[in-house]
Amino acid sequence: MNSIVRSGATARAGALLILLGPLVSWTAEFVTAAAWQDLPYSPLYNWVSHLGLTGPAQTAFGQVANSPLGAVMDTGWVIYGSLLVIGAFLVFDPRKGTRPVVILILALLAGVGVLLVGIFQGSNTNVDNGLIAFHTVGAQSVMLAGNIMAIAVGAGGTRIGLTRGRSITSMALGTAGLIAFPLFMADVFTGWMWNIGLFERAVIYPIMIGHALLGSSVAAAQRHRATHPPTPLTARVVS
């Protein structure tokens, strides 16, 4: 089956960028959450986006937010989104058909969404001036496009370099994230707000794991191809 990814150093570089994105974001999240002093950050209760709030403590979206290293989290999101977009265009070859084009569009939507979340904070100030719309659209773009991308990658896994097990895992991750999305939205719009951080991460983390899975799989496949080049046809005929 024909591959839909580029080959050589270009694909390897892109794969490493896709893999690096979620690792950078997770590191920024851990460091930023650890810096919360009053009260300690709770990954189950607190909004993920509250980690990126800069400035003095404030009550936003029903929760007290005090993130001394908010700029670290915002930077992590901007880097993540940028690496995803660049990496995807280095890995996938749009000349290979519809599937790589679809994956590239989904990666672009998800990557730009993460960028918007990092640039436009979910703060009271942005609620008042209307810029919160960019934050909201960015977040929902990531949640939907990112999980659909995981399913699309898994469905075309053999043409990308994923093993059967990783292909199934990628589709399962995307499906789980899409199932969690309406539960998260219901938790928000009903005003219940029960363990909002848990529901939010149930949508986001499958995307991040899927990106790490994609990047590591493509990198491994390209490395194997470089060290085990296919036997020339003439040599196979002679043998």
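User: Hey, where is alanine 212 placed?
Analyst: Alanine 212 is in helix H8. Helices (H or I, at least four residues) and strands (E, at least two) are DSSP runs, numbered from the N terminus. Before we go on: this is a predicted model, where local features need pLDDT of at least 70 and side-chain atom pairs count only at pLDDT 80 or more, while totals for chains, interfaces and linings use all residues. Residues are numbered from 1 along each chain as its sequence is written, and side-chain values use heavy atoms, with hydrogens and water left out.

User: OK. Is alanine 212 buried or exposed?
Analyst: Alanine 212 counts as buried because its relative accessibility is 16%. Buried means under 20% relative accessible area, exposed means over 50%, and partly exposed is in between (1.4 Å probe, protein chains only).

User: What does alanine 212 touch, not counting residues up to four places away in sequence?
Analyst: Leu19 and Pro22. Contact here means heavy atoms within 4.5 Å.

User: And how far apart are the C-alpha atoms of alanine 212 and glycine 70?
Analyst: They are separated by 24 Å, with the two residues 142 apart along the chain.

User: Which element gives the most to the lining of the largest pocket?
Analyst: H5, with seven residues. H1, H2, H3, H5, H7 and H8 each supply at least two.

User: How do the residues of that pocket lining divide?
Analyst: There are 19 nonpolar, seven polar and three charged.

User: What about cavities, how many of 30 Å³ or more?
Analyst: One. The largest cavity has a volume of about 30 Å³, and its lining is Gly146, Met149, Ala150, Val153, Ser170, Ile207, Gly210, His211 and Leu214. Helix H5 (132-155) and helix H8 (196-227) are the elements that give two or more residues to that lining. The cavity lining divides into five nonpolar, four polar and no charged residues.

User: How many residues are in the largest nonpolar core?
Analyst: 27, and those with the most contacts inside it are Leu51, Trp77, Met143, Phe184 and Val203. H8 gives the most to this core, with six residues. A nonpolar core is a set of buried Ala, Val, Leu, Ile, Met, Phe, Trp, Tyr and Cys residues joined through side-chain atoms within 4.5 Å. There's also a second, separate core of 22 residues, which includes Ala110, Met149, Ile160 and Ala219.

User: Where is serine 67 found?
Analyst: In the loop between strand E2 (63-65) and helix H2 (70-91). Serine 67 is buried, since its relative accessible area is 2%.

User: Which side chain does serine 67 join in a polar contact?
Analyst: The side chain of tryptophan 36, at 3.3 Å. A polar contact is a pair of N or O atoms within 3.5 Å; within protein, one must be able to donate a hydrogen and the other to accept it, and residues adjacent in sequence count only if both atoms are side-chain atoms. Leaving aside neighbours within four places in sequence, serine 67 is in contact with Thr32, Trp36, His50, Leu51 and Leu53.

User: What about aspartate 93, buried or exposed?
Analyst: Buried, because its relative accessibility is 4%. Aspartate 93 is in the loop between H2 and H3, and its side chain makes a 2.9 Å polar contact with the side chain of arginine 95.

User: Last one: what phi does methionine 193 have?
Analyst: A positive one of about 55°, although methionine 193 is not a glycine. Most residues other than glycine have a negative phi.

Key. On a 1 Å grid over the protein atoms alone, a cavity is a set of points where a 1.4 Å probe fits but cannot get out, and a pocket is an open set with protein on both sides within 12 Å along at least five of seven lines; lining residues have an atom within 4 Å of a point. Grid points are joined across faces, edges and corners, and a volume is the space filled by probe spheres set on the points. Ala, Val, Leu, Ile, Met, Phe, Trp, Tyr, Cys and Pro count as nonpolar, Asp, Glu, Lys and Arg as charged, and the others, Gly among them, as polar.
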